Amino acid sequence: YMNSSLSSIISPLDQFEIRSLISLDAPLLGNTHISITNIGLYLTIGTFLAFSFSIIATNYSRVVSNN
């Protein structure tokens, strides 16, 4: 007896596949193809989080006394 989930084993390399999430084919500046991939989305989210933490961690608007 073999489990049906084991009969369709997917390659472990499928987790690294770059998928196009949003694609735009426009005749601007020749044959332009602009797309947002899963890697671009992850990098955008990571950059936004790092930038947000940096802004939150800096203390530009407050003065702290030495007392």
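Let's start with Arg 19. At 40% relative accessibility, Arg 19 counts as partly exposed. This is a predicted model, so keep that in mind throughout.

What does Arg 19 pair with in a salt bridge? The partner is Glu 17, and the closest N and O atoms sit 3.7 Å apart. I searched the whole structure for salt bridges, and one turned up. Glu 17 has a relative accessibility of 39%, so Glu 17 is also classed as partly exposed.

Now to Asn 38. Is Asn 38 buried or exposed? Buried, because its relative accessibility is 8% and the cut-off for buried is under 20%. Asn 38 belongs to helix α2, which covers residues 38–57.

Next, the surroundings of Asn 38. Set aside the neighbours within four places in sequence. Then Asn 38 is in contact with Glu 17, Ile 18, Arg 19 and Leu 21. That list includes Glu 17 and Arg 19, the two residues of the salt bridge. The side chain of Asn 38 reaches the backbone oxygen of Glu 17 at 3.1 Å.

Last topic, confidence. The chain has a mean pLDDT of 80. Of its residues, 78% reach 70 or more. Which element of the chain has the highest mean pLDDT? Helix α2, at 93. The lowest belongs to helix α1, residues 4–7, with a mean of 53. Where pLDDT is low, predicted coordinates should not be read in detail.

To recap: Asn 38 is in α2, and α2 has the highest mean pLDDT among the elements of the chain.

Terms used. Residues numbered from 1 in each chain as written. Heavy atoms only, no water. Helix = DSSP H or I, 4+ residues; strand = E, 2+ residues; numbered from the N terminus. Buried < 20%, exposed > 50% of the residue type's maximum accessible area, 1.4 Å probe, protein only. Polar contact = N/O pair within 3.5 Å; in protein donor to acceptor, adjacent residues only side chain to side chain. Contact = heavy atoms within 4.5 Å. Salt bridge = Lys/Arg side-chain N within 4 Å of Asp/Glu carboxyl O. pLDDT = per-residue confidence, 0-100.
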